[in-house]
Amino acid sequence: MSSTPAAAKRCGTVAVIGRPNVGKSTLVNALVGFRVSIVSPRPQTTRHRILGIATVEGGQIVYADTPGLHAAGKRAMNRYMNRAATGAIEGVDVGMLVIEAGQWREDDERAYAALRASGVAMVLVLNKVDTIKDKSSLLPFIAKVSEGRGFVEIFPLSARKGQGLEDLQRALLRLLPEGEPQYADDEVTDRSERFLVAELIREQLMRQLGDELPYVSTVEISEFKEDGRLLRISAVVWVEREGQKAIVVGAGGAQMRAIGQSARLAIEKMLDRKVFLELWCKVRDSWSDDEAQLRRFGYEG
């Protein structure tokens with residue numbers, strides 16, 4: 001009596017590319033089932049290439065979340081983020097272009113051109129379909145944006161509501177090469193806890209001060225120490241001007257306390273342990289336009 005051979009496992013990397021604020025990080029977090037990337041309503045929240053690892057039935061998909069590709073700005077930070085996004089395409093197995101359903105802008109075209117130049121198989125994701133009131137407009141839009149562009153699969157979905165994710169994940173797995181998993185089953189990202197903690201603090205800066213403090217802040221972890229069952233964390237919020245420091249600290253330190261409290265709760269939820277968090281705010285003039293300072297704060301590549 002013959003038995004059916006087990007299907008070979010598949011494993012590979014999917015680069016998640018798109019312009020700022022189309023929901024790439026929300027999508028990666030939903031596919032991985034863990035908050036590997038911070039999310040805020042502000043464009044360009046993601047600054048680094050971050051791997052999210054999904055071990056699923058049939059194999060393992062490694063998602064490379066990237067900063068949003070945008071028209072090159074004059075500052076070193078803008079150049080770094082564009083390098084991080086385009087560099088993430090190199091050596092991947094699949095490129096996933098994420099756009100907002102019903103919209104195709106200049107920066108969408110720029111992201112598509114970067115994918116096309118890489119020569120990888122391209123999948124198109126139309127995110128935020130839940131915001132489209134007239135669903136009948138989707139089919140003509142899909143036909144328009146896909147014509148002549150060579151996408152092997154197209155998926156309308158809502159990352160925020162978790163709609164359409166299973167179909168996307170199955171299709172991506174089929175496109176990956178056969179191979180054994182690169183990571184252990186319980187690994188969800190290539191980033192350290194220190195990095196994730198710094199990002200959660202920066203997320204609260206973006207959420208609570210985004211309109212007043214767009215892109216001039218970063219977070220550096222100065223202490224990360226086990227103390228029995230307690231984790232002691234000290235971090236510095238770096239800004240570029242004394243006026244920006246005043247915004248972060250707030251009257252009588254109230255704003256800093258609010259940021260710290262929200263960040264601490266998010267860290268405790270992620271790490272599932274009690275945390276003691278201390279925050280300071282310091283000034284370093286024009287750090288976001290200084291290549292050496294960017295490297296010091298972990299913006300490499």
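This report covers helix packing, nonpolar cores and selected residues in a predicted model.

## Helix 6 against helix 8

Helix 6 spans residues 193-209, and helix 8 spans residues 254-271. The two pack at an angle of about 140 degrees. Their axes lie 9 Å apart. Helix 6 and helix 8 are therefore oblique to each other. Their crossing is right-handed.

On the helix 6 side, the contact is made by Glu193, Leu196, Val197, Leu200, Ile201, Gln204, Leu205, Gln208 and Leu209. Helix 8 answers with Gln255, Ala258, Ile259, Ser262, Ala263, Ala266, Ile267, Met270 and Leu271. By class, this contact has 13 nonpolar, four polar and one charged residues.

## Helix 7 against helix 8

Helix 8 also packs with helix 7, residues 242-249. Here the angle is about 60 degrees, and the axes are 5 Å apart. From helix 7, the residues involved are Ile247, Val248 and Val249. They meet Ala254, Gln255, Met256 and Ile259 in helix 8. This contact of helix 7 with helix 8 has six nonpolar residues, one polar and no charged ones.

## The largest nonpolar core

The largest nonpolar core has 31 residues. Six of them touch the most other members: Val197, Ile201, Ile233, Val248, Ile267 and Leu277. Several elements each supply at least two residues of this core: helix 6, strand 7 (218-227), strand 8 (230-239), helix 8 and strand 9 (274-283). Helix 6 gives the most, with eight residues.

Leu277 shows how some of these members meet. Residues up to four places away in sequence aside, Leu277 touches Ile201, Ile233, Gly260, Ala263, Arg264 and Ile267.

Another core lies apart from the largest one. It has 25 residues, among them Ala54, Met96, Leu168 and Ala171.

## Helix 1 against helix 5

Helix 1 covers residues 24-32, and helix 5 covers residues 165-175. Their axes come within 11 Å and cross at roughly 80 degrees. Helix 1 and helix 5 are therefore roughly perpendicular to each other. Leu27, Ala30 and Leu31 in helix 1 meet Leu165, Leu168 and Gln169 in helix 5. By class, that gives five nonpolar, one polar and no charged residues.

With neighbours within four places in sequence left aside, Asn29 is in contact with Phe34, Arg35, Val36, Ser37 and Val39.

Ser40 sits in the loop between helix 1 and strand 2 (50-56). At 9% relative accessibility, Ser40 counts as buried. It touches Asn21, Thr45, Met206 and Arg207, not counting residues up to four places away in sequence. The C-alpha atoms of Ser40 and Glu203 are separated by 6.7 Å, yet the two residues are 163 apart along the chain.

Arg110 is placed in helix 3, residues 106-118. At 29% relative accessibility, Arg110 counts as partly exposed. Ala71 lies 39 residues from Arg110 in sequence, and 8.3 Å from it in space, C-alpha to C-alpha. Arg110 touches Ala71 and also His70, again not counting residues up to four places away in sequence.

## Positive phi in two loops

Lys128 is not a glycine, but its phi is positive, at about 65 degrees. It is found in the loop between strand 5 (121-127) and helix 4 (138-146). Lys128 is partly exposed, with a relative accessible area of 23%.

Ser286 is not a glycine either, and has a positive phi of about 55 degrees. Its place is in the loop between strand 9 and helix 9 (291-296). Ser286 is partly exposed, with a relative accessible area of 24%.

Key
Residues are numbered from 1 along each chain as its sequence is written. This is a predicted model: local features need pLDDT of at least 70, side-chain atom pairs count only at pLDDT 80 or more; totals for chains, interfaces and linings use all residues. Side-chain values use heavy atoms; hydrogens and water are left out. Axes are lines fitted to C-alpha atoms, for helices over the stretch in contact, and angles run from 0 to 180 degrees between N-to-C directions. Helices (H or I, at least four residues) and strands (E, at least two) are DSSP runs, numbered from the N terminus. Angles under 35 degrees count as roughly parallel, over 145 as roughly antiparallel, 65 to 115 as roughly perpendicular and the rest as oblique. A crossing is left-handed if the near helix is turned anticlockwise from the far one by less than a right angle, and right-handed if clockwise. Contact means heavy atoms within 4.5 Å. Ala, Val, Leu, Ile, Met, Phe, Trp, Tyr, Cys and Pro count as nonpolar, Asp, Glu, Lys and Arg as charged, and the others, Gly among them, as polar. A nonpolar core is a set of buried Ala, Val, Leu, Ile, Met, Phe, Trp, Tyr and Cys residues joined through side-chain atoms within 4.5 Å. Buried means under 20% relative accessible area, exposed over 50%, partly exposed in between (1.4 Å probe, protein chains only).
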